[in-house]
Amino acid sequence: MGPDFHTTIRLERLESPLKRELKDLFGIDVDTCLECGKCSGGCSNGHVFDYTPRKIVQLVKLGAEETLMKMDALWICLSCQLCLDRCPSGIDIPRILDYLRGKARMKRIPARRPAIGLFHELMIEQIRKTGRVSEVGLMLRFKAATGEYMKDAGIGVKLFLKGKLNPFSPSVKNVEEVRRLYDSASKRTKT
Amino acid sequence: MTPMDIAYYPGCSLHGIAREYGRSAALVCRRLGIRLVEVEDWNCCGATAAHSLDRELALGLNARNLSIVNRMNLDRVTTPCAGCFSRMKGCSHELSNSKEMREGMEKRIGAPLAKLPEVSHLLQVMTESVGLKGLADAVVRPLKGLRLAAYYGCLLTRPRAIARFDDPEQPTSMDHILRAMGADTVRWSHKAECCGGAFAASQTDIVVDLGGQVLEAARQAGADALVVACPMCQVNLDTRQQAIEEARSVRYNLPVTYFTQLMGMAYGFSSRQMGLDRMLISPLPLLRRAGLD
């Protein structure tokens with residue numbers, strides 16, 4: 001038998017390593033959540049989230065790390081900062097999600113929205129190579145990886161005719177300085 | 001007037017899909033006595049991708065750019081992109097709030113970060129450093145007859161503790177500028193809602209949904225065009241407008257222009273110089289109707 005259905009869960013008495021990590025690493029204290037719901041009410045994409053921001057904060061209290069790392073909202077959060085801006089307690093939800101996304105990535109948990117995960121990966125890979133993002137190069141690589149060549153082809157042609165596509169985006173001269181940031185960042189995250 | 005030297009961080013889009021934003025900003029700033037000095041050998045701010053996957057990396061990318069501004073002996077850096085602004089200002093905020101973080105980053109990039117340049121969006125430079133009177137004084141061709149929806153999007157004013165610019169719920173800085181140019185701006189509900197820009201290529205349905213809400217709100221408010229201060233907002237609302245129209249069965253035909261392009265029109269530049277012929281939904285018929293082109 002599982003826990004008694006009628007027993008109240010006292011969130012503040014639950015053990016949540018995730019809650020502690022967020023407090024120690026970033027000073028984010030989810031216990032200050034007033035459960036007012038301004039975050040969920042304002043959330044740009046809350047209407048399509050599986051877990052809305054207020055629920056996400058409660059899941060942190062429950063220590064439900066697996067659920068959080070596998071939820072759809074982790075990938076379709078727009079990082080628009082509205083939940084943080086409206087939170088009376090200043091709980092940095094976008095940052096909690098960044099942290100969880102980074103953690104899911106280290107643990108090789110596949111992104112619930114593969115296209116979004118892939119796009120992010122291709123983008124930071126391009127920055128590692130040239131120090132900057134070339135829209136044309138990034139889009140071609142994204143199309144090659146997804147195989148959806150025809151999607152947006154019409155828009156591509158229109159943009160080309162308007163002279164809005166620049167295939168010769170300059171790169172950073174001292175690109176080694178940029179690459180070094182990647183090495184130290186990944187080393188640091190692993191330790 | 002002695003020129004005001006400000007470090008200028010264009011960001012990747014300004015060298016790509018948003019070149020007309022960069023060009024119009026440069027011409028308008030020169031007219032106002034602002035000298036934009038491009039940050040030497042700048043790198044990408046990492047955009048949504050870097051902080052989404054690797055926060056350390058996102059901080060490092062922006063710390064390198066800030067350290068270059070220091071080396072150029074400039075105490076202020078501006079960017080026309082709301083995304084770059086948010087990343088750069090956020091980094092500056094974190095570095096100045098945590099000595100430990102700052103020292104770690106100094107070691108990593110090999111440059112001092114104790115003194116950081118002030119980070120401002122280009123709108124902020126216009127309203128705070130030039131001022132509305134100075135902006136209005138340079139007008140030679142008032143934008144009479146244009147009813148505009150100033151659209152600020154998500155990252156320009158949020159979170160307020162970091163952006164420290166304008167009102168995060170009902171921003172007005174761009175409205176004031178456009179009015180100083182002689183245009184009319186509408187009161188509307190979606191000034192600071194998100195257009196979904198980060199997913200423009202990877203998750204089109206979200207962009208069609210959120211962008212559609214923005215366009216619908218602008219239409220209901222009676223706007224002839226949207227005015228933006230971010231290349232992501234522009235590209236998104238312009239290039240996805242046809243898909244939005246198909247999804248909603250509504251014809252919007254709302255041009256989406258950069259605020260600098262319209263300032264340039266008021267300052268007597270031609271629509272070609274301002275790159276207004278480069279938008280997918282052409283603003284030229286609207287400008288012609290108002291006798292501005």
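1. In this predicted model, chain B holds an open sheet of four strands in the order β2-β1-β3-β4, and the pairing is parallel. Strands β2 (34–38) and β4 (118–121) of chain B form the edges, each pairing on one side only. From one strand to the next, the twist averages 40 degrees.

2. Strand β3 (residues 76–79) of chain B runs parallel to β4(B) and is joined to it by four bridges. Within β4(B), B:H121 is the residue that stands opposite B:T79.

3. Helix α6 (residues 122–130) of chain B packs on this sheet, where it touches β1 (4–8), β2, β3 and β4 of chain B. The direction of α6(B) makes about 95 degrees with that of β4(B).

4. Elsewhere in chain B, helices α10 (residues 204–220) and α12 (residues 241–248) pack with their axes 9 Å apart, at an angle of about 80 degrees. The two helices are therefore roughly perpendicular. On the α10(B) side the contact is made by B:T204, B:V208, B:G211, B:G212 and B:L215, and on the α12(B) side by B:Q241, B:A243, B:I244, B:A247 and B:R248. Five of these residues are nonpolar, four polar and one charged.

5. The contact between the chains takes 50 residues from chain A and 43 residues from chain B. On the side of chain A that touches chain B, the elements giving two or more residues include α6 (82–86), α7 (93–106) and α11 (175–190) of chain A. The largest share, eight residues, comes from α11(A). By class, this side of chain A has 23 nonpolar, 14 polar and 13 charged residues.

Methods
Residues numbered from 1 in each chain as written. Chains lettered and ligands numbered in written order. Predicted model: local features only at pLDDT ≥ 70, side-chain atom pairs only at ≥ 80, totals over all residues. Axes fitted to C-alpha atoms, helices over the stretch in contact; angles between N-to-C directions. Parallel < 35°, antiparallel > 145°, perpendicular 65-115°, else oblique. Contact = placed C-beta atoms within 7 Å. Nonpolar A, V, L, I, M, F, W, Y, C, P; charged D, E, K, R; others polar. Pairing = 2+ DSSP bridges.
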